[in-house]
Amino acid sequence: MLMESQLRSPCTVDGELCSVAESCEAGEILMRRCEDALRRAGLRPTQQRQQLSRILFGNGDCHITADALYAAAVATGMKISQATIYNTLNQFVELGLLRQIGVDGSRSFFDTNTTVHPHFFYEDEGVLVDVPGHVAFDQLPEPLPGYGMERIDVIIHLRRKRDA
């Protein structure tokens, strides 16, 4: 898995520092880093992986399901299978390019913001969004002997109130 510092390092093209890194849009830089990360992991940056990277990383942070990514890819004219979508998403998660967030036992979202942060899940709409601001915990349990706390995942499930 790639570390955050590796994703934030200057992008390279064929091992050389990218000459246009300073003038690229943020999404382009991230897509180049994605391509570099794929190469370092021994995966070819195929046309399909590059096209999916553009959908995922080209417009800032997003939360997307595999089905929504498939629909977006097909809408752009890509000829791609759902199996390829799932395989690519799983590869990107393994590389640390995406974070998988299970909102319930049957649905996962993929987050382009890989930092640890809390989410709201709007159950009625099936939408996952970042919680604005800061969430604080007054007291956390001690980890079991031999374990250390890695992170805390917070998903706050919301449902629209019904008027009485």
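Guide: Welcome! A residue is called buried under 20% relative accessible area, exposed over 50%, and partly exposed in between (1.4 Å probe, protein chains only). The model above is predicted: local features need pLDDT of at least 70 and side-chain atom pairs pLDDT 80 or more, while totals for chains, interfaces and linings use all residues. Residues are numbered from 1 along each chain as its sequence is written, and side-chain values use heavy atoms, with hydrogens and water left out.

Visitor: Why is Arg160 called exposed?

Guide: Arg160 has a relative accessible area of 58%, and the label asks for over 50%, so Arg160 is exposed.

Visitor: What makes Arg160 and Glu125 a salt bridge?

Guide: The rule wants a side-chain nitrogen of Lys or Arg within 4 Å of a carboxyl oxygen of Asp or Glu. In this pair the closest N and O atoms are 2.8 Å apart, so Arg160 and Glu125 form a salt bridge. By this rule the count comes to six salt bridges.

Visitor: Which parts of the chain does the pair of Arg160 and Glu125 tie together?

Guide: Arg160 lies in the segment after β8 (155-158), whereas Glu125 sits in the loop between β6 (119-122) and β7 (127-130), so the bridge links parts 35 residues apart in sequence. Strands here are DSSP runs of E with at least two residues, and helices are runs of H or I with at least four, numbered from the N terminus. Counted that way, the chain has five helices and eight strands, in the order α-β-β-α-α-β-α-α-β-β-β-β-β.

Visitor: Is Glu125 buried, partly exposed or exposed?

Guide: Its relative accessible area is 42%, so Glu125 is partly exposed.

Visitor: How do you know that Glu150 and Arg151 form a salt bridge?

Guide: Their closest N and O atoms are 3.5 Å apart, so the pair passes the distance test. Glu150 is exposed at 72% relative accessibility, while Arg151, at 41%, is partly exposed.

Visitor: What makes Asp153 a salt-bridge partner of Arg151?

Guide: The closest N and O atoms of Asp153 and Arg151 are 3.0 Å apart, so this pair also meets the rule. Asp153 has a relative accessible area of 44%, which makes Asp153 partly exposed. Through shared partners, salt bridges join Arg99, Glu150, Arg151 and Asp153 into one network.

Visitor: How much of the chain is buried?

Guide: Of the 164 residues in the chain, 32% are buried.
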